[in-house]
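Please open the model in a viewer and keep the selection panel at hand.

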There are 2 protein chains.
Amino acid sequence: MEKTVSPAIIKRLPRYYRVITHLDGEGQTKVSSKVIAQLMDITASQVRQDFCSFGGYGQQGYGYDVKKLKAELENIMGLNKRHNMIIIGAGNIGRALAGYKGFGDGFKVTAVFDIAPEGIDLKDVQVLPMSGLKEYCAENKVDIAVIATPRSAAADVAQAVVDAGIKNIWNFAPTELDLPGDVVVENISMSESLYVLSYYMNRQEG
Amino acid sequence: MEKTVSPAIIKRLPRYYRVITHLDGEGQTKVSSKVIAQLMDITASQVRQDFCSFGGYGQQGYGYDVKKLKAELENIMGLNKRHNMIIIGAGNIGRALAGYKGFGDGFKVTAVFDIAPEGIDLKDVQVLPMSGLKEYCAENKVDIAVIATPRSAAADVAQAVVDAGIKNIWNFAPTELDLPGDVVVENISMSESLYVLSYYMNRQEG
């Protein structure tokens, strides 16, 4: 099943998961593409097409089994696996992420790295010096490095992370990272989200 | 020019802006749709189509004027206007946002509100009690309220914000808000971004 799945569909997966988890929490066992579509503000045909591209669970006319769909989505996104994360940068964003509880059981922050770790005390997570990154990664399983440094440091930090053997980067620094093709980078841009809000505000006022 | 612009295009606007700002910073004055497309990992035809939907600046074959394009994008997204923001919730995320410098000159955090503001000291920003929200909003121009509370408080806080007359909400709480149709809500979901990363990791390993 090595189909090519478009980035647009992949971006919808977490939203499907949120909707299905919500329905499961409400005790619903079956759901139609129409209901999912309404909750996500897309068309029912889009929902059916998306689910088809993953092998198609559910039969038209009968709806989808909520628990099965949830399990399939968890499987597709690897949410049922344990991922160890380290955070680079113990500034505001890094600390916020280290303390965040909303990612689910599959994602665990095991250490935070900073160029000046002295005096930084975080609840439940050790803060280590950047100089110890390579050794830490050699001795511990690290699946994801979160880059939470200023823009100016991000490129060097990303390189250090790749040199330490980490293949998956979640980037909060507002810059594009130029890395080898086998490294997976997901950028999260707060500015982009804010500017979308600003667009809608501006339309309203205009 | 009251065309309907699709949400997909609107989501691309900040990315166009980032690319164009980068080119402008490098001293480039003209850019083709092809170059923009490469930098954004979309097709040139998509770029031309998107720009067309906003009235179409640039002439095919001649490329786009970088400075003009930047100014147009700023105008479309209202980035050349001043927006006053308040943040509700002085937890990790709220503090990180209050100290964040990357949003540009157009966005200014004027106050942070919390149910227990005592002893919370933020650089450059006042921390006020939630009980003073309505009065503050009556006396000060507030354009955007940022919800940075736990999920459990988000719905009540959103209602309080709307009651205080604020029409634009940037929501960091991992929940959908059910608000009147004239309120603009932009959700930023860290989990969604992380799950996209997790999807790509999982594909790689599989």
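Begin by selecting the contact between the chains, which takes 42 residues from chain B and 42 residues from chain A; two residues are in contact if their C-beta atoms, placed from the backbone, lie within 7 Å. This is a predicted model, in which local features need pLDDT of at least 70, side-chain atom pairs count only at pLDDT 80 or more, and totals for chains, interfaces and linings use all residues. Residues are numbered from 1 along each chain as its sequence is written, while chains are lettered from A and ligands numbered from 1 in the order in which they are written.

On the side of chain B that touches chain A, select α8(B), which gives the most, with 14 residues. Helices (H or I, at least four residues) and strands (E, at least two) are DSSP runs, numbered from the N terminus.

Next, select α2 (residues 33-40) and α3 (residues 44-52) of chain B, which pack at an angle of about 110° with axes 8 Å apart. Axes are lines fitted to C-alpha atoms, for helices over the stretch in contact, and angles run from 0 to 180 degrees between N-to-C directions. The two helices, α2(B) and α3(B), are therefore roughly perpendicular (65 to 115 degrees). Display B:Ser33, B:Lys34, B:Ile36 and B:Ala37 of α2(B), which meet B:Ala44, B:Gln46, B:Val47 and B:Arg48 of α3(B).

Finally, select A:Ile147, which touches residues including A:Ile88, A:Val157 and A:Phe172, not counting residues up to four places away in sequence.

How values were computed
Angles under 35 degrees count as roughly parallel, over 145 as roughly antiparallel, 65 to 115 as roughly perpendicular and the rest as oblique.
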